[in-house]
Amino acid sequence: MPTDAQSHRTPPSGFADTHAVVEVRDAAVRLGARTIWTGLNLTVAPGEFTAILGPNGAGKSTLLKVLLGLVPLSGGAAQVLGALPGQRREQVGYLPQHRQLETAARIRAREIVRLGLTGSHWGVPVPFLRREARLAESRRVDEVVELVGAGTYAHRPFGELSGGEQQRILIAQAVVRRPGLLILDEPLDSLDLPNQAAVVTLIRDVCSREKVAALLVAHDVNPMVFALDQVLYMANGQAFQGPVNTVITTERLTALFGVPIEVLITRDGRRVVVGQPEAPHHHGHRHDHADHP
Amino acid sequence: MSNPSLSWNLVWDLRELLAYPFMVQALAAGTIAAILSGVLGWYMVLRRQTFAGHTLSTMSFPGAAAGMLVALPAALGYYVACVIAALAMARRPDAHDGGGGIQSARIGTIQAVGLAAGFLLLALSRSILGGLDDLLFGSFLGITPMQVWTLAIVAIVVLGILAVIGRPLLFVSLDPEAAYALGVPVRALETTFLLMLALTVAATTQITGALLVFALLVSPPAAALRLAARPIPSLLLSVGCAVAVIWCALVAAYFTTYPLGFYTTTFAFGFYLAAVGAQQLMRARTRPVTA
């Protein structure tokens, strides 16, 4: 944990590991007079599944916005897919938090996936023109619909699907461009337990089959701990990255949060975190949407 | 047209109808207005901006009053007033209002101010607004070739712009956050859409009147969105429905003594009811009945 207050004033000139999908060095964010976090380091390798964990207000969503290029760093440096954040938008799949898509209720789910691929293109598709390209687009949409297991309901209106089905469609939309990085903001919110496990498994599958690194923000590590490669814990303006087995321990988490936290290891080797500061009341919380367009 | 009467020979009826230039112009203007409102109304209903559309339609009153005050055509007043209102409605770049509640409150305020301004302009010009019935409920008797050409130019401009921005606008309308993250200019598209809607409303108002512009702008898209789940078929259905409404209404108004506005609204409502019925039927078929 770098605590030197001066170090983030001088951004590092170059990044050692140029193959990393995400590389954040000694970064800090201040919004107005408030320091959100300082001394944040994060490295994500291709195909790696990383969870960003911590209580509300720890700055998890702010970190995602930094990586999307929507919030500037006030210290340190960050790169995403070998460029400054925001420069490789086309190669970053993003799943925003709490998305209802109320206006899409009567639109076919498959069309929502297709928008992820062609929605930002100017002009309208002209019949009989670029036929090959449009067939390729359709094939790609079919492919990701199958990838998320939505083949049986992708033809139905989006509003008629269950919460878990909608989340699968939105994940398909986020990966349809073959991104190198998939950023998911609280994708398990408002899902029941079986659907939480299913969505985590799906993200794990997508990581390995599409060779995409996934960065997922969550309150609760327990539904996903079996699938993760590494975690980034954020609390009290600081952050701590590492593989599951070294970071998710009673000593480390208790030290980080400053409250007693116990990590139990079950007979089949799974870790269960008990006494997280956030766990009991994570439903019904409103998160700040001040940066909504 | 001393005594128009509907016979059972449809070809004969059509020939009689098209013998009058005013009727040809009414059909041309009606068709253009229907295509425009079928397309723009589809986006408007999808984006849940019908209140914005309604406010724009009431702007024809201050528009016409202002036109009279400075001795310019009422139609020009419509366009100017609608465009000003659309710009006032567009979200400020620095706004953090986020919710539809504040947005609709602002639109309501603009509507009240617009109507009050119309009243003031009317008092200033010291006259009564001629043809108030036509302003509110529409007329097809007085459409000039000049008006038809103006409509055609507005339609070409608006549909031309939409051909370029249609897909990103759909993305922004359905999924603004994902579109924003991919670098789609959300605010610019929203403002452009409001401006195009303003031009469409100003154009359509001349056929349907200020109060009944909704018949063309809301009912056909609402019907289409119930029937088709894919954007392009839904959009085409909306246009087809709007054109059918205006044709039926014009023919009915020609052969009877009742006003056009009544027929436009009635046929539009009829199409909407038919769509609701068809949707129920489709649902009943796809979902097996469980005891």
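**Figure 1. Helix α2(A) passes helix α3(A) in a right-handed crossing.** A crossing is termed right-handed if the near helix is turned clockwise from the far one by less than a right angle, and left-handed if anticlockwise. The model shown is predicted: local features need pLDDT of at least 70, side-chain atom pairs count only at pLDDT 80 or more, and totals for chains, interfaces and linings use all residues. Residues are numbered from 1 along each chain as its sequence is written, while chains are lettered from A and ligands numbered from 1 in the order in which they are written. Helices (DSSP runs of H or I, at least four residues) and strands (runs of E, at least two) are numbered from the N terminus. In chain A, α2 covers residues 109-118 and α3 covers residues 131-147; their axes come within 10 Å and cross at roughly 120°. The axes are lines fitted to C-alpha atoms, for helices over the stretch in contact, and the angles run from 0 to 180 degrees between N-to-C directions. The angle makes α2(A) oblique to α3(A), oblique being the term for what is left once angles under 35 degrees (roughly parallel), over 145 (roughly antiparallel) and 65 to 115 (roughly perpendicular) are set aside.

**Figure 2. Residues of α2(A) meet residues of α3(A).** From α2(A) come A:R110, A:V113, A:R114, A:L117 and A:T118, and from α3(A) come A:E137, A:R140, A:V141, A:V144 and A:V145. Two residues are in contact if their C-beta atoms, placed from the backbone, lie within 7 Å. By class, this contact of α2(A) with α3(A) comprises five nonpolar, one polar and four charged residues. Here Ala, Val, Leu, Ile, Met, Phe, Trp, Tyr, Cys and Pro count as nonpolar, Asp, Glu, Lys and Arg as charged, and the others, Gly among them, as polar.

**Figure 3. A:R178 and A:S190 have positive phi values.** Phi of A:R178, a residue other than glycine, is near 50°. A:R178 is placed in the loop between α4 (163-175) and β6 (181-185) of chain A. Its 15 C-beta neighbours inside 10 Å make A:R178 partly exposed; a residue is buried with 20 or more other C-beta atoms within 10 Å of its own, exposed with 12 or fewer, and partly exposed in between, the C-beta atoms being placed from the backbone. For A:S190, also a residue other than glycine, phi is near 60°. The loop between β6 and α5 (193-210) of chain A holds A:S190, and this residue is partly exposed, with 15 other C-beta atoms within 10 Å.

**Figure 4. A:D205 lies in helix α5 of chain A.** With 14 other C-beta atoms within 10 Å, A:D205 is partly exposed. A:D205 and A:L67 are separated by 138 residues in sequence and by 23 Å in space, C-alpha to C-alpha. Chain A as a whole has seven helices and eleven strands, and buried residues make up 39% of its 293 residues.

**Figure 5. Helices α3(B) and α10(B) pack at an angle of about 50°.** Helix α3 of chain B spans residues 50-58, and its axis is 9 Å from that of α10(B). The two helices are therefore oblique to each other, and their crossing is right-handed. The contact is formed by B:A52, B:G53, B:L56 and B:S57 of α3(B) with B:L194, B:L197, B:A198, B:V201 and B:T205 of α10(B). Six of these residues are nonpolar, three are polar and none is charged.

**Figure 6. B:I207 is a buried residue of helix α10 of chain B.** Around B:I207 there are 29 other C-beta atoms within 10 Å. B:I207 and B:I246 stand 39 residues apart in sequence and 9.4 Å apart in space, C-alpha to C-alpha. Chain B contains 14 helices and zero strands, and 48% of its 291 residues count as buried.

**Figure 7. Chain B is in contact with chain A.** In this interface, 31 residues of chain B touch 28 residues of chain A. On the chain B side, α8 (145-174), α9 (176-181) and α10 (186-208) each supply at least two residues. The most come from α8(B), which gives ten residues. The side of chain B that touches chain A divides into 19 nonpolar, five polar and seven charged residues.
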